Amino acid sequence: MKNRFFVVSKVCLVILGMSLIHCTDDDTDTNNNNRNFGKDGVFVINEGNFQAGNASLTYYNLKEKDVNSDVYTDINGVALGDVGQSMYSDNDNLYIVVNNSQKIEVCDSKTMKRKLTINGLTSPRYFQPINASKAYVTDLFADAIHVVNPSTGMVDKKIALKGWSEEMIKIGSNVYITSPSSPYLYNVDSNTDQVLDSILISLGANSLRLAKDGSLWVLCGGDFVSGEKGALHVINLVQGKVQRSMSFTASDYPTKLCSNPQADTMYYINNGIYKLSTQAIALAQTPFISSEGRSFYGLEIHPTSGLICVTDAKDFTQRGDAYIYSVSGQLLHSFETGIIPGGILFERE
């Protein structure tokens, strides 16, 4: 399957992003130096070409229908770096994880001006704040979780965790961490920075979301080498174990689990975009939004409106596209991105 091939290639090489773009809704490329970023936009993180140093950050304004192909560079006057991996936002800051540059850029959430850089990382993947002075950063090669101080930019220590660590979610004082190279979901106590427990799931865990009923949903893409199938696991956090699992076929490689604002519906990419009620006991058989030959790669749901944003990485060498759909699946916006558009972040109020 085409998506599976490129995802596996990305695991091996961490291929990644760049570029200048134009919006198909409104063919203008707006300079955002004086913009105060608010609730009407979406960021797309473009991985770019591996070792080319051309990662970029596309910004699209939903209200004005204008686009900036590389808002980080336009505002800060320097390139973002090599491999734009993911992005996290809080009330004050935007944290941009740049994988092969081994860093996280911390920017003002209103102006996008860089405040500081967190260096000393190995191959960072995702950022999870714990409190004002502590955050966790997962890593592809470090065999550890980095514990960083987002205020000072210092790496304070590491939590040993063998293998590749990926997406995280904080629930109370516990941080649940996916590990694609391991069949376990790990539970870390954020007060003590100790691994408390592990829950047996399956190989290829790549994303996770908390459901309205308190269950934790974990999407596993499977393992290309061993042939283990992907699966969607529903975990009872009180019992600390899987309460039900739904298996994919051997040719599937599902990724990018997301939830709607009500947390009663899950979405994921498996060539097309699928949606599933959290009460479901079996996987959906037909896509909610068909890929129609496109290489769907990134997926995110607006946290209040439920708008759906998906990216098309095309052939993973040229500039991609992003599409924004209504909750009913109607196409509302489309715009061109940089190379390999992966991470998506809707602005919050």
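In this predicted model, four strands line up as an open sheet in the order E16-E17-E18-E19, with antiparallel pairing. Strand E16 (205–210) and E19 sit at the edges, each with a single partner strand, so one side of each has no neighbour in the sheet. Neighbouring strands of this sheet are turned by 20° against each other on average, direction ignored. As background, strands of a sheet pair through backbone hydrogen bonds, and the pairing can be parallel or antiparallel.

With strand E17 (residues 216–220), E18 pairs in the antiparallel sense over five bridges. Two spots along that pairing can be picked out: Trp217 stands opposite Val234 in E18, and Cys220 has Ala231 as its bridge partner in E18. Turning to E19, its pairing with E18 is antiparallel too and runs over six bridges. Here Ile235 has Val242 in E19 as its bridge partner. E18 and E19 also make a hairpin, with four residues between them. In the turn of that hairpin, Gly240 has a positive phi of about 70°.

Strand E21 (residues 265–270) and strand E22 (residues 272–277) pair in the antiparallel sense over six bridges. Where does Asp252 sit in the chain? Asp252 is found in the loop between strand E19 (241–247) and strand E20 (255–259). A polar contact at 2.9 Å joins the side chain of Asp252 to that of Thr249. With a relative accessibility of 13%, Asp252 counts as buried.

Aromatic rings are another feature to follow, and the structure holds nine aromatic pairs. One of them is formed by Tyr95 and Phe127, which are stacked at 4.1 Å centre to centre with 15° between the planes. This pair links distant parts of the chain: Tyr95 belongs to strand E5 (residues 93–98) and Phe127 to strand E8 (residues 124–131), 32 residues apart. Both Tyr95 and Phe127 are buried. The rings of Tyr268 and Tyr274 have their centres 5.6 Å apart and their planes at 5°, so this pair is stacked as well. Tyr268 is buried, and so is Tyr274. Going back to Tyr95 and Phe127, ring pairs link these two and Tyr88 into a cluster.

Charged side chains meet aromatic rings too. Lys275 lies over the face of Phe288, at 4.6 Å from the ring centre. Arg294 likewise lies over the face of Tyr323, with 4.6 Å to the ring centre.

How many disulfides does the structure hold? The count is zero. For Cys309, the reason is distance: the closest cysteine sulfur, in Cys258, is 10.0 Å from the sulfur of Cys309, too far for a bond, because a disulfide needs the two sulfur atoms within 2.5 Å. Cys309 counts as buried, at 0% relative accessibility. Cys220, the partner of Ala231 in the sheet, is buried as well, with a relative accessible area of 0%.

Conventions. Residues are numbered from 1 along each chain as its sequence is written. This is a predicted model: local features need pLDDT of at least 70, side-chain atom pairs count only at pLDDT 80 or more; totals for chains, interfaces and linings use all residues. Side-chain values use heavy atoms; hydrogens and water are left out. Buried means under 20% relative accessible area, exposed over 50%, partly exposed in between (1.4 Å probe, protein chains only). Two strands pair if DSSP finds at least two bridges between them. A polar contact is a pair of N or O atoms within 3.5 Å; within protein, one must be able to donate a hydrogen and the other to accept it, and residues adjacent in sequence count only if both atoms are side-chain atoms. Rings of Phe, Tyr and Trp (its six-membered ring) pair if their centres lie within 6.5 Å; planes under 30 degrees apart count as stacked, over 60 as edge-to-face and the rest as tilted. A charge sits over a ring if NZ of Lys or CZ of Arg is within 6 Å of the ring centre and within 35 degrees of the ring normal. Axes are lines fitted to C-alpha atoms, for helices over the stretch in contact, and angles run from 0 to 180 degrees between N-to-C directions.
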